[in-house]
Amino acid sequence: MSANNDIHDVLIIGSGATGSIAALVLAKAGHDVVCLEQGGWIEPGDFAHLHNDWAWRRATSWNPDVNMRSHPDDYPVDSDSSQVLMWNGVGGSTNVYGAIWPRYRPSDFRKGDEHGLQPNWPITYEDIAPHYDRVDLLLGTSGLAGDPAQPPRAPCPTGPLPFTAAAGRLAGAFDALGWHWWPVEAGVVSEAYDGRPGCNGCGMCNGCPRGSMTLNSRSIWPKALAAGARLQTHARVLRIETGADGRATGAIWKNRITGMEERTRARIVIVAANGVGTPRLLLASGNLANSSGMVGRNLLHHTLVAAQIWVDEPVNGQMGYVASLISREFAETDVSRGFVNGFNFNCLTSTPSAGEMTTGWMSGTTAPWGAGHHEWFEKHFGHSIGLFAIGDDLPNPDNRVFLDESRTDEDGVPVIRMHYEPGENDRRMMNYMLDRLEDVGRAAGAFEIALQDYRDANGVYRTPAWHMIGTCRMGADPETSVVNGWHQSWDVPNMFIMDGSVLATGGVVNPTPTISALALRASEHIRDNFADLSGTTRTLAA
Amino acid sequence: MSDSNNRTGIGPQLSAALAALVDELLPGKGDWPSGATLGVQHPVMERIAMHGGEAALDELAAALARIGAPFEGLEVDARVAAVRRLEAEEPARFRWLRNAAYQAYYENPAIVTLIDGRGTPYRLRPHVRGYELPAFDPATQTPTHGRGHWIRTADVRSVDTSGLNLETEITTKWGLQR
Ligand SMILES: Cc1cc2nc3c(=O)[nH]c(=O)nc-3n(C[C@H](O)[C@H](O)[C@H](O)COP(=O)(O)OP(=O)(O)OC[C@H]3O[C@@H](n4cnc5c(N)ncnc54)[C@H](O)[C@@H]3O)c2cc1C
């Protein structure tokens, strides 16, 4: 073991969407910040985008599913259900994400009051509203203010992305149905911003090496490093250490270049390793911060079903940003539908790839082989539009990530396992969502509608889990939550959980704007109260 | 290599068998060249090797031999029937091969140019130059429908869930089975 006796102000574990924001805020305040990241930097050539065989790479080496690629920066995740989507490296999962950038709404924080099948958050929408606006400025986003289905917001730093033909076709369908729609907000700049070029409409939105999409390795890390933060790559944290007083003292990590174990000590420890990595680390650190028994539990992915439709007029959905519109028509609870909570339509353009179109892109509909192939292609490519319906799933403690004590990975850490199964409310919601997707397809005049329920031949729901949240949820009660409203562990008062695992409910949208706004808020709280928090021995209800 | 004798000739034979399969999957028609004309079998073979190593190539050679590829002297109907047999008897292998063939076909520069030339804008590496799209026009593209609502924090009210019977009325048919 190589030991360094320096005690840093702040140790951050994980350099993704949230760890990077914490590093920037705290380093800018003059704190001595070290971030340990298990993966390396992702170079432009590592992305699929710059290669002729980019579509093939998206299915293999650049596949966001850790179990479909073979990458040395990953750790094993054994899932009996969900597809485990994430990226381990500087910038975390933002390297492969789509950056659809919608916000929660006030009722998402008040589900305890609304029906009691989910907890209230210990904070309200109003608590994070200003941070939503500021995180947009920090990261660079695009969109159109004024959506009547959302609380008022400051203008996005750049205007909306081009309104594609797919957007126009769907807008017409929603108008015919009398349903809400709005141009999508994106973590992508539509024009030059903060040294990054505006989007060029390439359509390949799983990461973006040119940097029009806000990858935190591009938008945040250079600034954090310039402010003095130190980033140690290839540093896989094996366990967090605590002292006799129960406070965190730092972490033991494996230097993946030298193979040596090293120790880093700090006054405050921030865990930002995502909804799988954080519970994994806490459980592997002697069940740390888990007096509630909630670490790893209440895994949320959202209810998710999808449709692919094809229309006669060319819409050329291979061009333009991956998403086109959002419809918030069904975002609030209406029990007459037979379930609580709501959902949104995340309307896409289409796949950028002709190959993906023929191999079943979104719905599993494949081009026939043989004599009819080319005719099918001419009719379908350039004519497809994708739609997701994405809703608020109810928490279930049995949906979880947990350690397999009988198996360890190459670092001697027990293998993490994942189990997720939709509950009764979720199943009813997904049935309703599929019916409404058909309504949209018909209203759009589709000549073909293919639905996707993400169930395999045995009926197992294998959702593409790009959202892995809830596994260290925040709350007002230490008995039922892992952190308080400032992300501070109830059990380890100088340890903060910064990543998406703290979300108490999933809302009806992609979570990263909310995750990022929360990270900004918590980082500023640590910055503004550093003296108290670095010495505290007690976590108070926020 | 210890098993090299068993594998003598697999390269050219496999290549020919795979080319024949690829031509059944992606026959030429009109402007569209056939898969083998473009050499689609080569990247497919390379990717099989990348995916499963030499053992996968051996297995593939055996599977193609079982259906009689490269189909010399067979009429169209017999060739199609042979490929259908592979599809029915080894669905996973067939799916993998079909997808690999489709992907290799559509990433070929000749096909990319053909698609683009037919009037569907398409690039070999779209990320490099992107696509020309007109900028959002606030005057004509801002929604004017006025629809949409949200509930303020203070206005969130308790809903009556007593009729939902989430514990007792279980949905067994869901998803595409609903
Ligand atoms: C394919 C895909 C598409 C997505 N699309 C969208 C979208 O359109 N909109 C949206 O809102 N969200 C999207 N997301 C989700 C978004 O990427 C995540 O919400 C966000 O990145 C979560 O941030 P995080 O900080 O919690 O974790 P991450 O960004 O995943 O970062 C965690 C980091 O911690 C590191 N780490 C983990 N364990 C250790 C350890 N033991 N030691 C050291 N380092 C460790 C990891 O290597 C990683 O770099 C998508 C995700 C994926 C995978």
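Buried area is the accessible area that two parts lose on being put together, summed over both. I noted this term before I examined the chains of this predicted model.

**Entry 1: extent of the interface**

I looked up the contact between the two chains and found that 68 residues of chain B are in contact with 90 residues of chain A. The area buried between chain B and chain A is about 6700 Å². I recorded that carbon and sulfur atoms give 63% of this area.

I then asked how many salt bridges are counted between chain B and chain A. The count is 5. I looked up R178(B), which forms a salt bridge with E438(A); their closest N and O atoms are 3.5 Å apart.

**Entry 2: the side of chain B that touches chain A**

I listed the helices of chain B that each supply at least two residues to this side: α1 (10–25), α3 (76–89), α4 (91–106) and α6 (126–129). The largest share, 9 residues, comes from α4(B). By residue class, I noted 33 nonpolar, 18 polar and 17 charged residues on this side.

**Entry 3: T158(A)**

I located T158(A) in the loop between α4 (125–139) and α5 (165–177) of chain A. Is T158(A) buried or exposed? T158(A) has 1% relative accessibility and therefore counts as buried, the cut-off being under 20%. I found that its side chain reaches the backbone nitrogen of S190(A) at 3.1 Å. Leaving out residues up to four places away in sequence, I noted that T158(A) touches several residues, among them T141(A), G143(A), V188(A), S190(A) and Y193(A).

Terms used: Residues are numbered from 1 along each chain as its sequence is written. Chains are lettered from A and ligands numbered from 1 in the order in which they are written. This is a predicted model: local features need pLDDT of at least 70, side-chain atom pairs count only at pLDDT 80 or more; totals for chains, interfaces and linings use all residues. Side-chain values use heavy atoms; hydrogens and water are left out. Contact means heavy atoms within 4.5 Å. Buried area is the accessible area (1.4 Å probe) that two parts lose on being put together, summed over both. A salt bridge is a side-chain nitrogen of Lys or Arg within 4 Å of a carboxyl oxygen of Asp or Glu. Helices (H or I, at least four residues) and strands (E, at least two) are DSSP runs, numbered from the N terminus. Ala, Val, Leu, Ile, Met, Phe, Trp, Tyr, Cys and Pro count as nonpolar, Asp, Glu, Lys and Arg as charged, and the others, Gly among them, as polar. Buried means under 20% relative accessible area, exposed over 50%, partly exposed in between (1.4 Å probe, protein chains only). A polar contact is a pair of N or O atoms within 3.5 Å; within protein, one must be able to donate a hydrogen and the other to accept it, and residues adjacent in sequence count only if both atoms are side-chain atoms.
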